[in-house]
Amino acid sequence: MTSFFSLALQAAQQAAAAQHYPKAALYVVATPIGNLADISLRALHVLQLADTIACEDTRHTRQLLNAYGIDKPAAALLAAHQHNERSAGDAIVQRLAQGQRVALVSDAGTPAISDPGALVVQAVQQAGFAVLPIPGASSVTAALSATALAQPPDAPGGYVFMGFLPAKGQARQAALREVQQQARAVVLLEAPHRIADLAQALAALGARRITLARELTKQFEHLHTLPAAKASAWLAAEPMRQRGEFVVIVHPDAAPAQAAAPEGPPPEALRLLQLLLAEDIPLKSAARAAAHFTGASRKLLYAAGLQLGKDRGEPEPTDE
């Protein structure tokens, strides 16, 4: 154990132990996304308290526990990754039935978001056991907090989290089209070996800005914002820029599609209607005549005539 984490364990005991941690419950525990210091006191306490720790990679989690000075026997670590998630869920339910506290962790960040864990949570809930979140570091909120998302006037607020897009094929193309059509900010995750392909695909966004956030919380953390059309060239200019895990934020569309103007009759048809009404021709007859001579919709012309009358303070016409 690194010496400075001994104080963290003591602080965790003092700060978090007073809370009730029920048995026969699954604790979804967020772990650091790169910097070991980004661990919450409650997470440390739950990891010490847990009878079983379900891990995306038991070797990685063992290193994490060793760094914090948390000693667990081999039998307390249970593999729960994308290739065995259903069977792992069954095994976890069995341990919960024995009254165990089970902590679920991924290699980094929060399980069941873009990492495995959702099927485990589902199995536990269906079996009737409690699921308790222990929040912590998040690459998504970290990247968003350090990105100046200028919200265009009248644009929809918030952001859309899409995570990792499908790796290939029609599913990936459909997801990319969805990104391009979205007016809100879009948050994507990408692996280093696919970041160049993603940047090339996003070039269709042209001047719309994107932020590439790489290696968040780590030594070589870097965030860079630029027009989408220039991202491929920027990545290619320096090989180091393509290394590490990425959060990619597509900024809100600075020129969202304008709402369609309310439908109305063509100007020439409206002008003829006004001339006919000025001669005291009843609205119904005037609308019919204007529609006949211009080809415009009689219904739209009648509605326009009603609005003209309202604007002049005239009573609505009765049956003509």
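**View 1. T147 sits buried, with a relative accessible area of 8%.** Bear in mind for this view and the others that the model is predicted. To find T147, look in the loop between α6 (139-145) and β6 (159-164). Its side chain has a polar atom 2.7 Å from the backbone oxygen of A143. What else does T147 touch, leaving aside its neighbours within four places in sequence? Here the contacts are T211, L223, I249 and H251.

**View 2. Five strands line up in an open sheet.** Read across, the order is β3-β2-β4-β1-β5, and the pairing is parallel. Which strands stand at the edges? Those are β3 (77-79) and β5 (130-134); each has a single partner strand, so one side of each is left without a neighbour in the sheet. As a bit of background, strands of a sheet pair through backbone hydrogen bonds, either parallel or antiparallel.

**View 3. Here we zoom in on β1 and β5, a parallel pair.** How many bridges join them? There are five, with β1 covering residues 25-29.

**View 4. F5 and Y68 make an edge-to-face aromatic pair.** A search of the whole structure turns up two aromatic pairs, and this is one of them. The ring centres are 4.8 Å apart, with 90 degrees between the planes. Where in the chain do the two partners come from? F5 belongs to helix α1 (residues 4-16) and Y68 to helix α3, so to speak a link between distant parts of the chain, 63 residues apart. Are these two buried or exposed? Both F5 and Y68 are buried.

**View 5. Y21 and Y27 bring their rings together as a tilted pair.** Their ring centres lie 6.3 Å apart. Why does the pair count as tilted? The planes are at 45 degrees, which falls between the 30 degrees under which a pair is stacked and the 60 over which it is edge-to-face. Y21 is buried, and Y27 is buried too.

Definitions and conventions: Residues are numbered from 1 along each chain as its sequence is written. This is a predicted model: local features need pLDDT of at least 70, side-chain atom pairs count only at pLDDT 80 or more; totals for chains, interfaces and linings use all residues. Side-chain values use heavy atoms; hydrogens and water are left out. Two strands pair if DSSP finds at least two bridges between them. Helices (H or I, at least four residues) and strands (E, at least two) are DSSP runs, numbered from the N terminus. Buried means under 20% relative accessible area, exposed over 50%, partly exposed in between (1.4 Å probe, protein chains only). A polar contact is a pair of N or O atoms within 3.5 Å; within protein, one must be able to donate a hydrogen and the other to accept it, and residues adjacent in sequence count only if both atoms are side-chain atoms. Contact means heavy atoms within 4.5 Å. Rings of Phe, Tyr and Trp (its six-membered ring) pair if their centres lie within 6.5 Å; planes under 30 degrees apart count as stacked, over 60 as edge-to-face and the rest as tilted.
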